[in-house]
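Hi,

Here is the model I said I'd pass on.

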Amino acid sequence: MKKQFSIQKKHIRGLLVGCVMFAGMTISLNQADAYTFEEESAVLHVESRSSSEAPIIETSSKPIQEFPEQLSVQYSDEAQLTTMVYMALLWSPQPMVIPRHELPEKQVVDPAMPVLAPRSEQVLGTQKVTATGYTAGVESTGKGPKHPQYGITYSGVKVRRDKETVSTIAADPKLFPMGSILYIPGYGYGIVADTGSAIKGNKIDLYFPTTKQVYKEWGKKDVEVQVIRQGAGKCTEKMLSELADAIDVYKSVPDSWLDKAI
């Protein structure tokens, strides 16, 4: 009895599966027929519209209607896919080219110095000179470290060498009065604070702490110095300190300091 019931259960299950498969195939066929009917209707609509809108060419005898040889054009799936890809590329956002902004003109930097050269509008003039180096010692001034005036310049300020700000230099007061500010290529900014018996005319003396530095870093050179301030005949410690502080901040002599000094 149990065996017979299980056999009937299997037959019922198989019958239900068959019914479901048949119903699915029927629905698929109906959808295909509907799709085919829609395509045929669209083609017939195109044909009737093309027939009604066919151009008429007038000749000397009688009007003749021109019909295209092929009323409907069928495209393959590959052609449609290619068209879609082309349209997507055509309407895709194009890369934007951003123009470069012009950078402001940079100041000339002396590779040997950590300061900037003066701007062209700050330069009052140039002068070709022969530049030598000197120290505060006996070899240059005849004074030793125990001398009360050792390291004191003619203007009264103490000798100074600072590549990052300003150094004291010696010059002929007739050419460069005391307090004149020069830019010496390869040396930096110098303020005239001293004189010398051998420093006459187009000659200047640049201060260095030791004779070793004089020979190693400078020696004797012919250079073209730039004058950015003509001195008023004096140089003080206050003036030297303020100038050093200004150059330390701006890496060159600022216009505000030049206006103040004048």
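This is a predicted model: local features need pLDDT of at least 70, side-chain atom pairs count only at pLDDT 80 or more; totals for chains, interfaces and linings use all residues.

**What I found, starting from a tryptophan**

Trp-218 touches Ala-131, Thr-132, Gly-133, Ile-184, Pro-185, Gly-186, Tyr-187, Leu-206, Phe-208, Gln-213 and Val-223, leaving aside residues up to four places away in sequence (contact means heavy atoms within 4.5 Å).

Residues are numbered from 1 along each chain as its sequence is written, and side-chain values use heavy atoms, with hydrogens and water left out.

Trp-218 also turns up in the largest nonpolar core, which has 23 residues; Phe-176, Ile-184, Tyr-187, Ile-204, Leu-206, Trp-218 and Val-225 touch the most other members. A core here is a set of buried Ala, Val, Leu, Ile, Met, Phe, Trp, Tyr and Cys residues joined through side-chain atoms within 4.5 Å; buried is under 20% relative accessible area, exposed over 50%, and partly exposed in between (1.4 Å probe, protein chains only). At least two residues of this core come from each of β3, β4, β5, β7, α4 and β8. There's a second, separate core of 20 residues, with Val-115, Val-166, Ile-181 and Met-239 among them.

Now the fold. Six strands make a closed barrel in the order β3-β7-β4-β6-β5-β8, with mixed pairing. Helices (H or I, at least four residues) and strands (E, at least two) are DSSP runs numbered from the N terminus, and two strands pair if DSSP finds at least two bridges between them. β4 (residues 166–171) and β6 (residues 188–194) are parallel over five bridges, with Ser-167 partnered by Gly-190 in β6. Helix α4 (residues 211–218) packs on the sheet against β3 (125–134), β5 (181–184), β7 (203–207) and β8 (220–229), its direction making about 135 degrees with that of β3. For that angle, axes are lines fitted to C-alpha atoms, for helices over the stretch in contact, and values run from 0 to 180 degrees between N-to-C directions.

What covers β5? Both of its faces are covered: Ile-181 and Tyr-183 on one side, Leu-182 and Ile-184 on the other, are all buried. β5 runs antiparallel to β6, joined by four bridges, and Leu-182 stands opposite Gly-190 in β6. The two strands form a hairpin with three residues between them, and Gly-186 in the turn has a positive phi of about 90 degrees. β5 also pairs with β8, antiparallel over three bridges; there, Tyr-183 has Gln-226 as its bridge partner.

Cheers
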